[in-house]
Amino acid sequence: MGLALALTDAMGLKEHEPTIEHLVDLVVAVQTVRSSLTAGRARSRLYPDGILLPQPPHLAAGGMAIFKARQRMSEILRILPGSSLVVVPSDRDLAAPELAHGLEESFGGGGYTALQRAALLQLAWDHVSSALDAREATFEAHASGGMPNWRGWLRRNFADYNEVANAVLGQLDLPMPKIDLSGIRAAPIAARRTVTPPAAGKP
């Protein structure tokens with residue numbers, strides 16, 4: 001989001017309505033995770049060994065929200081600067097005497113030198129269009145067990161199934177059986193499926 005905001009200024013897009021809508025999408029994603037962290041800290045639990053831990057349901061919800069939002073956030077950062085992201089000059093190009101003047105005319109302006117604007121664009125490229133981006137996306141998808149692990153963690157740690165369901169029954173003006181959904185937390189989590197590569201020489 002910080003890169004998107006900086007590029008919005010650098011590219012002169014502060015009054016461009018589609019860009020503003022993209023920024024709002026980023027703010028929603030970031031604030032969702034911030035809210036999860038704040039709630040987790042506010043409802044922290046002090047364990048007997050002196051460790052203070054945020055409540056897992058809040059952290060799991062925030063973790064899954066950013067998993068879902070990450071691809072869209074990267075896409076927005078690719079869209080926002082337009083074709084400048086693809087044709088941004090390198091530092092070597094900007095330092096070449098035969099290119100410097102033309103590049104300054106093309107990439108400078110609006111309070112930014114060509115070097116300054118190029119630096120921001122190169123930083124964005126590193127984050128969302130490079131091999132680094134691909135590696136980071138793959139690493140994040142697997143480092144913590146991926147989405148199945150987060151979903152299982154939330155399912156086991158969400159303690160309010162019965163309370164929420166029975167609160168609904170309390171709104172009805174007739175006797176109702178008490179709901180017990182404890183089995184949702186206790187049910188085993190399916191093991192992640194792994195693919196075994198074929199033996200050498202076999203298709």
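Contact here means heavy atoms within 4.5 Å. Helices are DSSP runs (H or I, at least four residues), numbered from the N terminus.

## Basis of the model

This is a predicted model, in which local features need pLDDT of at least 70 and side-chain atom pairs count only at pLDDT 80 or more, while totals for chains, interfaces and linings use all residues. Residues are numbered from 1 along each chain as its sequence is written, and side-chain values use heavy atoms, with hydrogens and water left out.

## Helix α1 and its two partners

In α1, Leu3, Ala6, Leu7 and Ala10 make contact with Arg117, Leu120, Leu121, Leu123, Ala124 and His127 in α7. The contact of α1 with α7 has 8 nonpolar, 1 polar and 1 charged residues. In this classing, Ala, Val, Leu, Ile, Met, Phe, Trp, Tyr, Cys and Pro are nonpolar, Asp, Glu, Lys and Arg are charged, and the others, Gly among them, are polar. Helix α7 covers residues 114-128, and its axis lies 10 Å from that of α1 at an angle of about 145°. Axes are lines fitted to C-alpha atoms, for helices over the stretch in contact, and the angles run from 0 to 180 degrees between N-to-C directions. The crossing of α1 and α7 is left-handed, a term used if the near helix is turned anticlockwise from the far one by less than a right angle (right-handed if clockwise).

Helix α1 (residues 2-10) also packs with helix α2 (residues 17-42), at an angle of about 165° and with the axes 10 Å apart. That angle makes α1 roughly antiparallel to α2; the term applies to angles over 145 degrees, with those under 35 counted as roughly parallel, 65 to 115 as roughly perpendicular and the rest as oblique. The crossing of α1 and α2 is left-handed. Ala4, Leu5 and Thr8 in α1 meet Thr19, Leu23 and Leu26 in α2. By class, the residues of this contact are 4 nonpolar, 2 polar and no charged.

## Helix α3 against helix α9

The axes of α3 and α9 cross at roughly 155° and come within 9 Å. The two helices are therefore roughly antiparallel, and their crossing is left-handed. On the α3 side the contact involves Pro56, Pro57, Leu59, Ala60, Gly63, Met64, Phe67 and Lys68; on the α9 side it involves Gly146, Met147, Trp150, Arg151, Trp153, Leu154 and Asn157. These residues divide into 10 nonpolar, 3 polar and 2 charged.

Gly152 is also found in helix α9 (residues 146-157). With a relative accessibility of 4%, Gly152 counts as buried; buried means under 20% relative accessible area, exposed over 50%, and partly exposed in between (1.4 Å probe, protein chains only). The C-alpha atoms of Gly152 and Ala187 are 9.9 Å apart, and the two residues are separated by 35 residues along the chain.

## Salt bridges

A salt bridge is a side-chain nitrogen of Lys or Arg within 4 Å of a carboxyl oxygen of Asp or Glu. By this rule there are 6 salt bridges. One of them pairs Asp25 with Arg72, with the closest N and O atoms 3.9 Å apart. Asp25 lies in helix α2 and Arg72 in helix α3 (residues 56-79), so this pair ties together parts that are 47 residues apart in sequence. Both residues are partly exposed, Asp25 at 38% and Arg72 at 33%. Arg72 also forms a salt bridge with Glu75, at 3.2 Å from N to O. Arg72 and Glu75 are 3 residues apart in helix α3, so about one helical turn separates them. Glu75 is partly exposed, with a relative accessible area of 36%.

Another salt bridge joins Asp133 and Arg78, with the closest N and O atoms 3.3 Å apart. Asp133 is in helix α8 (residues 131-143) and Arg78 in helix α3, and the pair links parts of the chain 55 residues apart. Asp133 is buried, at 8% relative accessible area, whereas Arg78 is partly exposed, at 36%. Salt bridges that share partners join Arg70, Arg78, Asp133 and Glu136 into one network.

## Ser74

Ser74 lies in helix α3 and is buried, with a relative accessible area of 8%. Leaving aside residues up to four places away in sequence, Ser74 touches Val128 and Asp133.
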